[in-house]
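We will go from stop to stop, selecting a few residues each time.

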Amino acid sequence: MRDTGAPGSDKEDGGRVRGVRKARRRFLLGGLAAGTALVVGWGVAPPRQRLRATAAAAVHDAGTVVLNGWVAIAPDGTVDVVVPRSEMGQGVHTALPVLLAEELDAPLASVRVVQAPIDKIFANLTVLRDTLPFHPDDAGALPQGARWIAGKVARELGIMFTGGSTSVRDAWPTMRTAGAVARAMLVRAAAEQWGAQASTLATRDGMVVHPDGRHAPYGLLAKRAAALGADIGPDDVRLKTPAQYRLIGKPLPRRDTPSKVNGQAVFGIDVRPEGLLYAALRMAPVLGAGVAGFDAGKVAALPGVVTVVDVSSVLAPFSGAGAGVAVVAKGWWQAKQAAQALPVQWTASPHAALSGESVFAGFARALDDESGHAYFESGSQDGPDLTGARTVHAEYRAPFLAHATMEPQNCTAQVLNGKVKLWSPTQVPSIAVDIAAKVAGVARDDVAIEVTMLGGGFGRRLETDMVAQAVAVAMQTRGRPVQLVWTREDDVGHDVYRPAALARYTARVGTDGKVLAWDSKLASGAIGHQYFPRNLGLPGVGPDKTTAEGEYDMQYAIANRRCRHVAVDSAVPVGYWRSVGHSHNAFFKESFADELAHAADQDPAAWRRALLRDHPRHLAVMDAALARAGTPPAGRAHGLAVHQSFGTVVAQVAEVSVEGREIRVHRVVCAVDCGLAVNPNIVAQQVESSVVFGLSAALAGEITFAGGQPQQSNFGDYPVLRMAQAPAVETIIMPSAAPPEGMGEPAVPPVAPAVANAVFKLTGQRLRSLPLRLA
């Protein structure tokens, strides 16, 4: 363990600490709005409604009646449900329609998914609320008020965003309300038609039912219901109780599975508008290099080549793509071959000396020299109650990581008669539209977008570099649409990487093994410093919660605790990666917890149980995972990790063996408390995919740099877990009636520490760097 010395504390007493913490939070919350007057204005304004859209949804059939911004009903009773989140394998095309269909009392078989238009009612309010740096246990007036203001800011910004494990959480109140309001409208229509009291009527299976047995299908009531909609008040709308659910909580089959099996599903690279051309890229191999020149004449006579376009100028700083040139041809392979043959001269880069070693050396200097921003602080790190305590130190590191989505980055664009059309597998359609409008020099309303299915997102498709490139190319093709497709080498070599990080931990342990103080200090790049300027045109300054999440907000009951972070920005583009800061901070935190348990000569589960005594959710998931895991077979060991992220508590037990220097994970038992599981099947699928994703990173994931260039290029040197390496995954879903929490990411963070802790039991080697490699 690295002995760095116990950092001091400038806090004198508990009152002083509380005062500093409140001041710090006020500073962080100031970034939510552009000035005090704006905050006050929003504070006194009534909440914005989220039911009536200003833009019309593209309903499937003529005669379909729109009841509100989220639902429309066709004459045959088919229900069009507007889904504002992108389907990237996480199941939103199943889960979100269920929320509305449940309250509408419509058969799920009658429901069709309609892509949401660009409209502020479809903004993701939850994701901005989640950026606030509050501890999950904070429930006072300050966090409640801040979240309320954040929701109003998000509503005004109108950003349609799929990520942060927020899709179901954000839709939970709104889509249920939309369904309940539509149901009340239909009941009111039937009551008027029959001359009955609305309170005496019931609904089931897409019909309003009279006590005498008469029934009226929704399709026949829709027009009358729409005309009476203004008469619906709050007293007419009642959301169901959990005991009344017919769909929510049931293990329903995914609605997108058949089309993916039979090939009918349309991903970004599947779209084929008439007259389509294709574009391939040559992008600068060194970070920060530019295009000095290129000889288009050398490829002009190659088969199918149409034109060559420099797309460098449309990209914001720190874009993953960087400077580059696109070759347009009649076929993508023709474009790719020509792009490889194109002579391009690159400018010298100021970052040509950048290496992974230099990045981590910068982290170490920052930890040595800078105090950092304190995200959490209680008690003292050098009080008299720590006299005589033993000091334990550890240093951990995590590398840059690529997203490696199965579908490489792509976008299809057409610029014709002052209008732009996009076909894009994007997680941020509203931002994609804004970027396209800016590049093409047109109004936002002159950009239309069709969001296809995404062959994986993981945060990479929160970016818009491929959209800007595609629009820039389409501006040069005289109205013909162009499909821009990156190669896998483009994708790995020009990613916005998960930030690398270095962490130093210090604990003071009493003679009885009790942890008296815990001090963590982290160094990494800050994603927000790059993401907000390049995608939103907003300043990227100040503390970024994602750098310390999973550490500052942990639940272990330690009176004297501090978490600080030092932002060390570099030339490496960084972006949101599945589970973001939790992905590495859980490894740091849960590895150190295991080290402290070992130092105290305590069982790791017993050690955690004592410090989680006030957190029954955490205790319950841990006990459930341990009970299911049982005793490991001979030659194997169990490693434990417990972590909360995106509102969900996860405990994992990894069953591991070691053969020579090979780490093999045979089984992972994962217990989750995610609130009410809207669809248990999808929850289990998300756990399984998270374990595979997390293990890929834990055992092999690493992007290294030399000479300003990433050294990995494809799955040969940036491998993902193969089927033969995949463990058996057992998911335990804890029963709950609480509102749903996030599920797309929370099972990723505990994987690495659970495996590392098992490896220690088997070998005695404490692996403190990712990926996990035995000496």
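**Stop one: a tryptophan and its ring partners**

Select Trp518 to begin: its relative accessibility is 0%, so Trp518 counts as buried (buried means under 20% relative accessible area, exposed over 50% and partly exposed in between, with a 1.4 Å probe and protein chains only). Before going further, note that this is a predicted model, in which local features need pLDDT of at least 70 and side-chain atom pairs count only at pLDDT 80 or more, while totals for chains, interfaces and linings use all residues. Numbering starts from 1 along each chain as its sequence is written, and side-chain values use heavy atoms, with hydrogens and water left out.

Aromatic pairs here are rings of Phe, Tyr and Trp (its six-membered ring) with centres within 6.5 Å; planes under 30 degrees apart are called stacked, over 60 edge-to-face, and the rest tilted. Trp518 and Phe592 make an edge-to-face pair, 5.1 Å from centre to centre with 75° between the planes. Trp518 belongs to strand β20 and Phe592 to helix α15 (residues 582–599), so this pair ties together parts 74 residues apart in sequence. Helices (H or I, at least four residues) and strands (E, at least two) are DSSP runs, numbered from the N terminus.

Select 501–509, strand β19: nine of its nine residues are buried. Ala501, Ala503, Tyr505, Ala507 and Val509 cover one side, with Leu502, Arg504, Thr506 and Arg508 on the other.

Which strands flank it? Strands count as paired if DSSP finds at least two bridges between them. Strand β14 (residues 390–398) runs antiparallel to β19, joined by nine bridges, and Ala398 has Ala501 as its bridge partner. Strand β20 (residues 515–524) also pairs with β19 in the antiparallel sense, over nine bridges; there, Ala501 stands opposite Ser524. In the hairpin of β19 and β20, five residues lie between the strands, and Gly513 takes a positive phi near 85°.

Pick Tyr375 and Tyr552, both buried. Tyr375 sits in strand β13 (residues 373–378) and Tyr552 in the loop between α14 (527–536) and β21 (560–567), so the pair ties together parts 177 residues apart in sequence.

**Stop four: the open sheet**

Show β1 to β4, an open sheet of four strands in the order β1-β2-β3-β4 with mixed pairing. Its edge strands, β1 (65–68) and β4 (111–115), each pair on one side only. Five bridges join β3 (residues 79–83) to β4 in parallel, with Val81 partnering Val113.

Next, bring in helix α6 (residues 167–194), which lies across β1, β2 (71–73) and β3 at about 120° to β1. Helix α7 packs on the sheet too, touching β1 and β2, and its direction makes about 65° with that of β1. (Contact means heavy atoms within 4.5 Å; axes are lines fitted to C-alpha atoms, for helices over the stretch in contact, and angles run from 0 to 180 degrees between N-to-C directions.)

Finish on α7 (residues 218–228) itself, where Tyr218, Gly219, Leu221, Ala222, Ala225 and Leu228 are buried. On the other side of α7, look for Leu220, Lys223 and Ala227, which are exposed.
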